Structure formats: C-alpha cells, structure tokens
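Open the model in your viewer and keep the selection tool at hand.

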Amino acid sequence: MSGDSYYFGRTVNMHGGTHNTGMVNNGPESAPAVPADPALAEAVRELVALLAELREQVSPLTARSIDEALPALTTGSDAAPPEERHRALMAVAGIAATAGALGQPVLDAVRAVLELLAA
C-alpha cells in the first residue's frame, strides 16, 4: 500500500498558481447545536439520582461499573457520542436487572431516557 494517502477532516491542496486566496468548503459542516430537550435533561437527572441510590446497595465492583457509565450519561445529550451513551444506558440497565426489585426504578428510568432519545 505504499503511496496510498488517507486524509481525515478538511484538507487543502494547492498545486501552483499565485495570489491564491479563499477556500470553498463543500464538505459536511459540524451539526448545529441543538438545545437539549428539557424532558430528556430531567429524565437523565432522575436516572443519575436513582443510580446513586442503587450504587450504595451493590458490590464495589458493580458500583465501579456504574461509575464508568456515568460520564456518558451526565455530559449532556449532545456531548457524548450516541453509541457511547447507548452503551452506558444498556450497562446500567443490565446492572439494574440483576439487582431485582432494587433495580426496577433504574430500569424504568432507563426506558424513559431511551424513549426520549428515540423521539
């Protein structure tokens, strides 16, 4: 594969010419900032509060798993990549499911967040 070139992001190549000024960008722009849905923000706050309660009632290893999922949930709906946020939601849902009745409120909160994200 010698000689292959791979470019990521915007690239400008100039081959000759004089007084070259300006640049036309026809590539995709970054997504415009979308205001966070207040219902989603409230659902995430509720989920985080419920996770804090559940965290106190599980083993230290499980508590660490909850801690690892929290950044993807609390950084805002537009900050974490959707795949990472979904993975974190599935992780805490799995933890809640294994916690039985203690985890039911967390499962309900995860479902609410997923429904809001799908809308």
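Select α3 and helix α4 (residues 104-118): their axes come within 9 Å and cross at roughly 155°. Axes here are lines fitted to C-alpha atoms, for helices over the stretch in contact, with angles from 0 to 180 degrees between N-to-C directions. That makes α3 roughly antiparallel to α4 (angles over 145 degrees). The crossing of the two, α3 and α4, is left-handed (the near helix is turned anticlockwise from the far one by less than a right angle).

This is a predicted model: local features need pLDDT of at least 70, side-chain atom pairs count only at pLDDT 80 or more, and totals for chains, interfaces and linings use all residues. Residues are numbered from 1 along each chain as its sequence is written, and side-chain values use heavy atoms, without hydrogens and water.

Next, show side chains at the α1–α2 pair. Helix α1 (residues 38-55) and helix α2 (residues 60-74) have axes that come within 11 Å and cross at roughly 170°. So α1 is roughly antiparallel to α2. Select Val 44, Leu 47, Val 48, Leu 51, Leu 54 and Arg 55 in α1; they meet Ala 63, Ile 66, Asp 67, Leu 70, Leu 73 and Thr 74 in α2. Contact means heavy atoms within 4.5 Å. By class, the α1 contact with α2 has nine nonpolar, one polar and two charged residues.

Last stop: Ala 91, in helix α3 (residues 82-98). Buried, exposed or in between? Ala 91 is partly exposed, at a relative accessible area of 36% (between 20% and 50%, 1.4 Å probe, protein chains only). Now pick Glu 68: Ala 91 and Glu 68 are 23 residues apart in sequence and 9.5 Å apart in space, C-alpha to C-alpha.

Technical notes: Helices (H or I, at least four residues) and strands (E, at least two) are DSSP runs, numbered from the N terminus. Angles under 35 degrees count as roughly parallel, over 145 as roughly antiparallel, 65 to 115 as roughly perpendicular and the rest as oblique. Ala, Val, Leu, Ile, Met, Phe, Trp, Tyr, Cys and Pro count as nonpolar, Asp, Glu, Lys and Arg as charged, and the others, Gly among them, as polar.
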